[in-house]
Amino acid sequence: MIRTTILCALSALLIACGTGADRGPVDVAIIGDEEELFTTGVRLSPGAQHLRAASHEGLVALDQSGQVVPALAERWIVTDDAMSYIFRLRNSNGPNGEPITAPQIRSLLRERIRQLEGTSLGLDFAKVVEVRAMTGRVIELRLSGPMPDFLRLLAQPELGIAIDGSGSGPMRLEREDESAIALLSMLPPEARGLPARRAWQDLTRDLTLRNLSARDAIDAFSRGELDLIMNGSIAEFPMVELGPLSRGAVQVDPTLGLFGFIVRSDADLLESPARREALSMAIDRSTLLQTIGIGGFAPTSWIVPNNLFVPTIYQTTRWPDLTLEERQTIARTRVAQWQAESGEEPVVRVGLPEGPGSDLLFAALARNWQQIGVRAEQVGLGRGGDLELRDRLARYSSPRWFLNQLNCSIAIGLCSEEADALVSSSLALRDPVSKQALLIEAHETLTQAEVFIPLGSPVRWSLVRGAVDGYQANPWGLHPLPALAETPN
């Protein structure tokens, strides 16, 4: 049994003190591949993100509601021009016992930002032009232009600081040999540069974390062996069948992000932007997930959600004056013309993750595309799909995050160098109106190139035991493990 295995491991590795530890650990599973939990570097799985955030603090962090809170930095100021962020570090020691200093953090941040080059997160940090230590405990990050969401970006788990290969908390990470289970316990407050608290052990619990397949995690939850499952997506949701004894509930995050199809090939049917648009026009997004039965899905036909441009300049849909039937008629004409000219059958291969939810999503798409004369074939991710599902949670609420996801340097599918150049030109602009104008132009360029078929917002769900506190649904899909380890859990 999972709980027996976990408790045996904990008894060997963790010191159980106080009433908090007497109640046993909070047992958490994150849906994902087992070997990805202990991933290092900057390309982290969701499980590795949660583990990194728990054991490696950055300058700031996110709380359970998704708000930015102090971490290694005890406070900060933003200059009047919104281009300089100045942080004062806590008076704390690193895992090596030596004081954490601003010059040390400067070097580590510079190296981490350099390591992010070639990733979409690296593009998000493109506004950082200087990192410097002002005194022994004060560090400044200077930007090329204002970025209202910069603190949220800085709170991402990938920016957690490792000193001599180890993190500074707020939780201690232990692992038995090559065990698939991460064992986490809270560090004493004074070890993190915080005021000492009497009987602090009584206010915390230990926590175990593992990656499991959706089927194994849901079965374990139903048997009472897990307190929390996170990172569920559309692909796995139909597996959830909670019985009356499960004492659990489904929580759905109100997410922001990218959910749709990148175009991996522009051959044959997909060679023309007009025909790629035809596939997008034919989709009935309002009913796309009805058979899956999950709430929280917000359909959209735009790459960037229309409410992120202020004031809102876009209609709810790209084709406000056309009914679904009229859109499908236009799409059918474009497909039929290509078929007559090429003499080939219109076929599109669709790459989706494995799972019953993916099968239901594909069935709905296939019915829509059948209406315009296109036959769809389902394949796995990375198995040669012409279209491939892109399912990513946003790091911050700016149009630039969405545009960066399709940047040519990421090389995930079709892209637009013209759109990338417009985004790059916006980085140094200080006037918000001028900056937004360039981002709108970039968005329109990407939209007209038809390099992405949007479906809606991503779906992330969790199974939460009734006795678990410290969990709160939020738009970012990050649920801090330290909050789960605090009483009254």
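**Figure 1. The surroundings of Arg 90 in the predicted model.** Leaving aside residues up to four places away in sequence, Arg 90 touches Glu 57, Ala 71, Leu 72, Ala 73, Glu 74, Arg 137, Arg 192, Gly 193 and Leu 194. The structure shown is a predicted model. Arg 90 itself belongs to the loop that runs between β5 (84-89) and α4 (102-115). Because its relative accessibility is 5%, Arg 90 counts as buried.

**Figure 2. Polar partners of the Arg 90 side chain.** A polar contact of 3.1 Å joins the side chain of Arg 90 to the side chain of Glu 57. The side chain of Arg 90 also reaches the backbone oxygen of Ala 71, at 2.3 Å.

**Figure 3. The surroundings of Gly 160.** Gly 160 is located in the loop between α6 (150-154) and β8 (162-163). With a relative accessibility of 5%, Gly 160 counts as buried. Residues up to four places away in sequence excluded, Gly 160 touches His 56, Glu 57, Gly 58 and Arg 112. Gly 160 and Arg 52 are separated by 108 residues in sequence, yet their C-alpha atoms are 6.7 Å apart in space.

**Figure 4. Confidence along the chain.** The average pLDDT of the chain is 90, and 93% of the residues score at least 70. Confidence is highest in strand β16 (residues 347-352), at 98, and lowest in helix α1 (residues 2-13), at a mean of 37. Across residues 1-22 the pLDDT is below 50, and this stretch has 43 contacts in the model beyond near neighbours in sequence.

Terms used: Residues are numbered from 1 along each chain as its sequence is written. This is a predicted model: local features need pLDDT of at least 70, side-chain atom pairs count only at pLDDT 80 or more; totals for chains, interfaces and linings use all residues. Side-chain values use heavy atoms; hydrogens and water are left out. Helices (H or I, at least four residues) and strands (E, at least two) are DSSP runs, numbered from the N terminus. Buried means under 20% relative accessible area, exposed over 50%, partly exposed in between (1.4 Å probe, protein chains only). A polar contact is a pair of N or O atoms within 3.5 Å; within protein, one must be able to donate a hydrogen and the other to accept it, and residues adjacent in sequence count only if both atoms are side-chain atoms. Contact means heavy atoms within 4.5 Å. pLDDT is the predictor's confidence in each residue, from 0 to 100.
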